[in-house]
Structure formats: structure tokens, C-alpha cells
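Work through the exercises below with the structure open. Each task is followed by a stepwise solution.

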Amino acid sequence: MSSFSQQASKANLWSSSFVFVMLANALLFLSFEMLLPTLPLFVSSIGGEATQIGLVTGIFMFSAILIRPFAGVLATRIDKKYLLLIGVAICALSTGAYYLSSGVWSILLVRMIHGIGFGLATTYFTTIAAENIPKERRGEGMGYFGVGETVAISLGPLIGVSLLQAYHFTSVFMSGMAILLLGLLLAVFISRKPRITNESSLKKDVAISFKLIEKRVLFPSLLILMTGISAGGILSFSALYAIEKGFQNVAWFFFIIAASSFLVRLISGKMFDKMGPGPVLIPSAFITIGGLIVLIVAQNELQFILAGFLYGFGFGAIFPALQTWCLNLVEEHEHENAIASFFNFFDLGIGGGSLLLGVVAGAFSYQAIYFVAIGAYVLYLLLYLGYSVRRMRIMKNSVRNKNKYSA
């Protein structure tokens, strides 16, 4: 066994703090996903029109994107655990406040505040999780950390719709708030483990600046943008596509996506730690494209479920790999800036992708949107291929120059 492997095996990943941050993050996403199919129905029930329902969705993403670039600056002034608790508390209070809204404009205000809390919470959950993961096992740890998010994406909408059908909107909002309060309680027990021995002195030395985009993570952020465009098609239109094709097992489709995403993370994170991003990102993209192709040609329920398995297997490896890559490209005190750029590009991909694919669906069919989703992954592969070729040229030139001057 190599010294690297010995070091990795000795490093403890499953600390109590890591478990708490993973569970609390999962609860944040569970509550968020419960609202995705139910909040538009609530807006419609109080007289909201289609354009206003779209605005309710868009303003959440907009406020989350706007607040994230400030995350790094705030972390130099206030302990990021306190900022995390504030973010989760804002999400909890906002979720409960939806039912108190008497009109569309008050919902928009609550939704904007909710987006601010969500933007803060997602950024600090990720960076604090990274602090609690041994650096040599970061790929593996971030893969496990994201499992809760994947499960929430599948179970959240199902829980939200079930509560609405069995009871009323009140039950959805109050249950969502209760879940977030539980997450807030778990977050209290998270302990920070910064690797910087004198963090307070660092805060004085580091130049405090606002960064809309962290340039060093621009390339992996562009890749997650392409991934987000495809994910927007899966999340927004798969149920409607299933109806068009006559498939019944939509819930199982999303469950299989979550299950396969969980399975691949058991191995993909370790691969990333040992071999770097390429051996994870390239094969996973081809597997995801395979899933989208199966989805296009699916003629029965089994093929529909197989498409979900392949898509989840590929996407489940790509997301944490790109997230970890962003973290590795910057110093630890710059993690907030890196993760803010990562999430903002992903959210832009999902939001912009949903709008683009909605236009495609209206002009052609729901099936056509998955051709566009495949195109996004083809562009992803071309970008990575170009990046790899450029890096090889730089390395060859570096070796050539070194040999030239040493001769």
C-alpha cells in the first residue's frame, strides 16, 4: 500500500460534525423540494397568473444568486457557523410565512427573502462540510455529503404533494418549517474544524473583496452550467414527457435517479481523490448521454426506468466531482467564493435551461428537449477536451523549457 493510501485510510471522515452537517443540509433541501410542486399551486389558488407563478420561481433564484458573492466577505467578519444558522433560520421562517401571505406580491417578498436564506445556507453548508473532511478524502466526502440532496430531490416533491392531497397548504408550509427547524437544531451541534491555525489573524491579513465570479473556478463552473441545463430538463419536464409517452412510473423514475446517484458516489469520490477529475468527469458524461438517449427512444416502463438509472449514475458522479474540484482550486479561506460561483452557475443552468427547454417544448415536443440536453453534454465534453489538450501543451512546453535551460 502506498503512503498516500495509508494516510487516506487513517484519516477519519465520519466525525459527528460531518454527520450533523450532512443531515442538516439534507433537511434544507427536503423542505425546499417540497415547495417546488406545491407553491405554484398555492399562488394559483389565491389568484396568481402563469406569469406571476414564473416570477415567484425566478425571484427565488435571483436573490440566491445575488447574495452568494457576498458569502466570502461575510465570512471574514462573522463566524460562518453563525451565518449558516442565520441562513437556515431565514429559510424556516420564510417557509412558514408563505401561508400568511394574502396576495402574490407578498409571496414574492417572502420568496425573495427565502432565496437570500437559501443562498447563504447552501454556501456555508458546503464550505463547513469541506472543513470537516480530511483533504486527502475530499472527493469521497463531498460525494457522501451530497447524497442527502439527491434523496431530497426525489422524495421532497412526493412528500409535498402527498401532504397537500391529504390535508391542505397549511400542512405543507408548517411541515416544511418544522423540517427546517430540526435542521437548525442539528446545525447547532456542528463544530468547525478550520485547518488554518490562526484564523483570526488571517482575516486581518486577507484583502476583503467582493467577488461576483471566482475566476480560478470558472472552468469547472462552466461545466456545471452545462450540467444544469440538462438537469433543468429532467426536473421540469420529465413528468409531462412521461404523460405524453403514456408512462406511469414517474415517482419511480426520480427514485431510481436518487438511488443510482447514491450508488455511484460510493466509488466516484474515491476515484477523484486517487486519479483527479478526468477519469470521473468524462465517463460519467457519456453515461449521462446514454441515459438521455434511452429516455428519447424509450417505449415501455422498463426503458423509462433504465434511463433514470443511467442519468442518475452519471449526474451523481459529476456534481460532487466538479464541486470538489472547485474547492481544490482555491485556498481554504476562499472556499465561500468558489462555492458561490459553483452554485450560481448551476442555478443559472437550471433556470436558464428550463426557460430555453420550455421554448423548445412549445415549438416542437417534450421529446425534443432531451436532444438539447444531449447537446449541452456534448459541449461539456468538447470544453473538457479542449482544456485537457491545452494543459498537455503547457506541460510539454514547461518540460521543454526546463530541459533547454538545464542543458
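**Exercise 1.** Decide whether Glu214 is buried or exposed, then find its salt-bridge partner.

Solution. 
- Step 1: Glu214 has a relative accessible area of 2%, so Glu214 is buried (buried is under 20%, exposed over 50%, partly exposed in between; 1.4 Å probe, protein chains only).
- Step 2: Its side chain meets Arg216 in a salt bridge, 2.9 Å from N to O (a side-chain nitrogen of Lys or Arg within 4 Å of a carboxyl oxygen of Asp or Glu).
- Step 3: Arg216 is partly exposed, at 39%.

The model is predicted: local features need pLDDT of at least 70, side-chain atom pairs count only at pLDDT 80 or more, and totals for chains, interfaces and linings use all residues. Residues are numbered from 1 along each chain as its sequence is written, and side-chain values use heavy atoms, leaving out hydrogens and water.

**Exercise 2.** Which parts does the salt bridge between Arg216 and Glu334 tie together?

Solution. 
- Step 1: The closest N and O atoms of Arg216 and Glu334 are 2.7 Å apart.
- Step 2: Arg216 lies in the loop between α10 and α11, and Glu334 in the loop between α14 and α15, so the pair ties together parts 118 residues apart in sequence (helices are DSSP runs of H or I, at least four residues, numbered from the N terminus).
- Step 3: Glu334 is buried, at 14%.

Note on methods
Helix = DSSP H or I, 4+ residues; strand = E, 2+ residues; numbered from the N terminus.
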